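Colleague: Please bring up the model, and we will go through a few points in turn.

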Amino acid sequence: MLRKIIKIDEEKCNGCGLCAAACHEGAIEMIDGKARLTREDYCDGLGDCLPACPTNAITFEEREAPAYNEAAVLAAKQQKACTLPCACPGTNSKAIKRDAVTQISAAVSSQLSQWPVQIKLVPVNAPYFDNARLLVAADCTAFAYGNFHNEFIRNHITLIGCPKLDEGDYAEKLTKIIANNDIKSVTVARMEVPCCGGIENAVKRALQASGKFIPWQVVIISTDGRIIDK
């Protein structure tokens with residue numbers, strides 16, 4: 001079928017792997033130091049990988065390609081999730097125990113490095129934004145994921161909000177923060193519920209509007225406290 005799909009220019013690709021990390025569907029893989037679209041049927045054509053590319057190696061094109069296979073993508077994600085602690089055949093129980101001990105023994109003290117944290121309250125310019133790794137998180141994520149401070153807030157500048165409860169759109173303010181400061185990377189932490197997609201979309205639009213190419217990723221947390229997409 002004729003549809004919109006991404007195109008990767010291998011000559012421009014520097015092998016950083018950021019696009020592969022940003023592709024939530026797993027359509028991009030790193031092969032011989034280059035990003036390649038290995039599963040055309042996994043590519044939804046939305047271009048989440050575009051803002052992550054620092055060399056402009058990824059563009060859109062319209063051509064004949066297999067239809068986007070959402071069922072196959074979900075099946076692949078489910079298979080990947082089977083590494084969680086469970087009775088799945090082939091599970092590395094020692095690794096699971098080691099990870100569990102690591103989480104339990106992690107420090108429980110706050111890792112917050114700045115105040116305020118609400119998107120609506122933070123200034124557009126602040127010294128802590130200089131060379132910052134930015135975390136834009138939905139309010140509920142820190143309550144749902146037990147080790148949130150150590151795994152996400154630590155060594156990040158944290159901005160939080162709730163697109164369902166807050167009035168207005170975060171994109172305009174986030175654009176100013178990204179455009180006016182030297183931001184190294186952006187991580188979006190959101191819940192799996194549909195309304196949480198608003199915070200992800202706001203960050204995506206802010207990155208595009210800022211005119212900068214900054215590495216970014218989205219982490220989705222389930223309502224029972226698991227990371228289900230990263």
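Colleague: In which sense do strand β2 and strand β3 pair?

Modeller: Keep in mind that this is a predicted model. Strand β2 covers residues 28-31 and strand β3 covers residues 34-37. Across the pair, Glu29 stands opposite Arg36. The two strands are joined over 4 bridges, and the sense is antiparallel.

Colleague: Which residue in the hairpin of β2 and β3 takes a positive phi?

Modeller: The hairpin has 2 residues between its strands. The phi in question is near 55 degrees, and the residue is Asp32.

Colleague: How many disulfides does the structure hold?

Modeller: A disulfide needs two cysteine sulfur atoms within 2.5 Å. The closest cysteine sulfur to that of Cys13 is in Cys19, and at 6.1 Å it is too far for a bond. Cys196 is in no disulfide either, as the nearest cysteine sulfur, in Cys195, is 5.6 Å away. The number of disulfides is 0.

Colleague: Is Cys196 buried or exposed?

Modeller: Buried means under 20% relative accessible area. Cys196 has 7% relative accessibility, so Cys196 is buried.

Colleague: How far does helix α7 reach from its first C-alpha to its last?

Modeller: Helix α7 runs over residues 197-210, which is 14 residues. At 1.5 Å a residue, a span of 20 Å is expected. The helix comes close to that, reaching 20 Å.

Colleague: Which residue follows α7 with a positive phi?

Modeller: Buried residues of α7 include Ser210, and among the elements covering the buried residues are β5 and α6. After the helix comes a residue with phi near 80 degrees, Gly211.

Terms used: Residues numbered from 1 in each chain as written. Predicted model: local features only at pLDDT ≥ 70, side-chain atom pairs only at ≥ 80, totals over all residues. Heavy atoms only, no water. Pairing = 2+ DSSP bridges. Buried < 20%, exposed > 50% of the residue type's maximum accessible area, 1.4 Å probe, protein only. Expected span 1.5 Å × (residues − 1). Contact = heavy atoms within 4.5 Å.
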